[in-house]
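Below is a short briefing on one protein chain. The sequence and the model come first, and the notes follow by topic.

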Amino acid sequence: MTVLMATSLLIAPVTVVFAAGLDPIYDIPSPEPGVDKSYDETYRVLANNDVDVDPEDITYSGYYGTDYPAYPVDIGQDTLSPSQSLRYSTTADTYITDLSGYSAIPIKDEWESYSSIPLYSDTQIINVHSNNTYDGPKSNDGNWFVRVTNQYGEWRPVYNADVEWDPTAEELYVSNPDDALVHQARHESTIFRNLHAAEQYTKYAQDSDRIAIPKMNGGELYPTSSGASMSQKWGQGNFNTVRKAWVGMNDLFGGAWYRDRYVSGSTPTRGAYIPYDHRAEAPPDFSRSSTCTISHSHGGGSSHSHTYSKTEWAKYNLLNSTANVTSVRLDRPGFTGDSEWNRFGKTTWIAIEALSSDNLEYPRGDYTLTATLEVTTEVRTRWGVSSSKCSAWSQASVSTNTHTTTYSVPVTITDWNSPNLEIDVAHIDGAGHDRLVVRWKGNQDFPSDPWRKISIDIGDKTIEIISPWRFYGVSRNDEVEVSTGGGSTTYNSTHTYGDRWPAIYRYETGVANVTAAFPQQDDANQLWGYTRSVDSQLSTTLPGAPLPANVNDPDNDQPTDLYTQHVIDVRSSDLDTGETATATGSSPFGALLNGKRVSGEDQIKVSTQPYESTTLQMTDVNVSSTGANHEGVLVLTDTSGDPVKNKKITATQDDGTTATVTTDSTGRAKVVWDGPVLRARYGGDVFWSPSDPYYQGDQLLYLLPPSPLEFAAVGTVGEYISASISNVLIFVEWLALGVFALWWVRRRTSKGNSG
């Protein structure tokens with residue numbers, strides 16, 4: 001269903017999305033087959049802190065009107081179409097789970113002929129009827145839906161298809177492959193989006209006449225500062241030639257913001273996007289009136305003075321101003337390694353050696369990443385005196401003035417491949433019923449040794465265990481203020497491809513829960529499969545990670561458990577036994593955990609052993625004449641008839657009262673109950689003891705004599721082959737109780753005739 005929803009709206013008619021009481025949120029253009037169309041605002045999937053619209057308030061006129069999720073969506077890699085990206089960003093928040101592999105922002109539609117699709121693509125032709133869940137474009141005769149898989153195995157619709165029957169191959173086929181068109185979506189990676197954002201804000205960074213300042217909620221995203229002080233003539237105070245210079249840090253790639261700091265894996269290459277801007281000006285021209293006194297001497301020794309006016313003046317000209325990020329350093333006290341990152345391009349700084357291209361080495365720990373901006377101005381000063389009577393003169397000089405500003409963020413460096421994390425997987429093999437016991441050693445918190453996903457293959461079955469880490473792209477600014485000497489203008493930040501004032505974003509970490517899923521069934525004979533968590537042993541509990549307002553992830557509000565052990569039941573219609581189990585794993589930073597050897601051993605170890613069947617029986621029954629306090633002994637044995645000791649058995653009498661007894665060294669456990677019926681159940685082993693057998697559960701239904709019936713479970717395999725077996729068991733139990741009730745009534749009637 002997820003795949004169907006991901007492709008169903010690719011060829012919609014002109015679509016307008018309305019919210020109650022609002023103007024249209026956006027128009028989704030109708031893509032004409034064969035014509036590329038751009039979609040506005042698709043980058044809003046990185047703006048999770050934007051206000052969402054309630055799906056119930058939306059009127060939608062496209063193909064699949066319910067494709068508006070009400071909960072956060074994992075958008076994965078290259079999975080969304082442009083129109084779907086818009087729809088998801090309207091009503092829900094989206095996240096990723098892999099910080100290294102996300103490159104899936106759809107920016108426009110593309111079409112290619114059906115004849116040009118790769119040979120490995122699958123084609124599916126679906127009959128059109130009233131109960132279709134897929135609702136893409138129909139074939140030209142209106143009878144068929146046609147779709148093909150792309151390079152990622154995702155379904156894409158085929159437009160303008162003629163479908164005919166091939167009597168030789170006895171199958172349907174597309175008879176006009178050159179004219180039929182397959183929809184594709186062109187994507188752009190978030191790396192390019194970050195580059196675009198940083199370069200747009202730095203585009204005019206050398207223009208002294210204006211400055212663009214990113215702002216959020218009315219405040220400056222990156223603090224601005226003024227400086228480059230120069231002295232002024234004629235007793236004026238100093239003047240700052242640099243106005244509101246700033247340097248920022250948009251994002252740390254290969255990392256995410258978590259609890260007030262970035263967390264990044266130590267390899268492969270890490271880097272940061274560093275935008276900056278400044279405005280410079282010279283002091284205003286200055287003049288003031290003054291006087292001079294000129295004395296005249298006369299014969300006889302007399303003299304007198306005359307006062308004349310003069311003007312003291314100064315003129316300033318800004319000859320040049322340059323802004324340059326001079327340093328990006330990752331430091332901490334006592335660190336003696338190479339802290340200085342190198343620039344690649346205008347705004348990208350990478351932790352790599354300039355000559356060897358080797359990654360800079362950083363031990364695990366807390367650091368500070370600091371970007372330093374240096375702004376230099378050259379100002380020509382001319383000053384002097386002008387007067388018709390007084391002495392007039394002028395001088396000139398050029399001064400160079402420098403202003404330095406910095407921006408810092410805290411960074412935690414952890415290891416890319418989580419070397420301190422050990423994962424053991426025990427596969428308990430059974431027909432239609434496997435069990436996985438997964439054990440972790442090590443701190444799994446994000447700043448320590450996190451894991452992202454563990455994939456376990458049991459024959460043709462694949463089970464995925466998903467970590468709690470989610471990464472939400474959030475907008476860091478909602479507007480930009482463009483200032484000049486004459487004033488300022490404010491513009492909204494945008495989310496479109498190639499926009500002038502893009503919203504700056506970064507990934508922030510949320511936490512969910514460890515889950516197990518049965519995402520695929522490779523075996524054609526496997527009709528169904530599902531998982532169920534059985535039990536767990538707690539390692540630690542994490543509080544929700546603070547997320548910005550309007551990021552609506554309900555899971556993040558709850559504490560999240562990390563485990564030392566987690567036990568999962570795997571049920572399926574696949575009755576094979578003796579299967580081989582293998583496991584692979586990954587970290588959120590993109591490392592494969594199974595390929596790394598720690599202390600000479602694989603980081604994920606897998607062992608397989610079969611279930612050991614058990615048999616639960618009742619013996620030594622002592623029936624009480626009062627109908628209460630019956631006594632008996634439950635006996636638990638293995639397939640060889642040997643006793644199974646120290647196992648807990650749950651006994652339930654007919655009024656629902658339960659008691660737990662434990663088998664002794666002989667596999668026996670005394671039980672006392674009231675009433676004519678006792679149900680006893682041994683649930684089987686839960687946690688992993690590698691040196692011991694892993695016992696499967698068993699259960700029985702015991703009826704007091706004179707009934708000769710004692711019902712045991714059909715067996716663990718049969719119990720889960722289908723639901724119908726359980727229903728039969730319930731029916732037999734009901735039938736037995738009915739026979740007993742009938743006998744009991746007749747017995748009482750025959751003895752007392754009292755009814």
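**Surroundings of Asn194**

Not counting residues up to four places away in sequence, Asn194 touches Asn250, Asp251, Tyr273 and Tyr505, where contact means heavy atoms within 4.5 Å. The model is predicted: local features need pLDDT of at least 70, side-chain atom pairs count only at pLDDT 80 or more, and totals for chains, interfaces and linings use all residues. Residues are numbered from 1 along each chain as its sequence is written, and side-chain values use heavy atoms, with hydrogens and water left out.

- Helix H3 (residues 190-202) contains Asn194; helices are DSSP runs of H or I with at least four residues, strands are runs of E with at least two, and both are numbered from the N terminus.
- Asn194 counts as buried because its relative accessibility is 3%; buried means under 20% relative accessible area, exposed over 50%, and partly exposed in between, with a 1.4 Å probe and protein chains only.

**Chain as a whole**

- Five helices and 51 strands are found in the chain.
- Of the 755 residues in the chain, 48% are buried.
- Among contacts with a separation of 6 or more, 69% are between residues 24 or more positions apart.

**A five-stranded sheet**

- Five strands form an open sheet in the order S6-S12-S9-S8-S7, with antiparallel pairing; two strands pair if DSSP finds at least two bridges between them.
- The edges are strand S6 (105-113) and strand S7 (123-127), each with a single partner strand, so one side of each has no neighbour in the sheet.
- On average, neighbouring strands of this sheet are turned by 35 degrees against each other, direction ignored, with axes taken as lines fitted to C-alpha atoms.
- Strand S9 (residues 155-159) and strand S12 (residues 181-188) run antiparallel and are joined by two bridges.
- Opposite Tyr159 stands Leu181 in S12.

**Nonpolar cores**

- The largest nonpolar core has 45 residues, of which Ile423, Phe446 and Ile456 touch the most other members; such a core is a set of buried Ala, Val, Leu, Ile, Met, Phe, Trp, Tyr and Cys residues joined through side-chain atoms within 4.5 Å.
- Strand S38 (residues 560-572) gives the most to this core, with four residues.
- Another core, of 42 residues, lies apart from it and includes Ile211, Met249, Phe335 and Trp341.
- Leaving aside neighbours within four places in sequence, the contacts of Ile456 include Val425, Leu436, Lys461 and Thr582.

Conventions:
Axes are lines fitted to C-alpha atoms, for helices over the stretch in contact, and angles run from 0 to 180 degrees between N-to-C directions.
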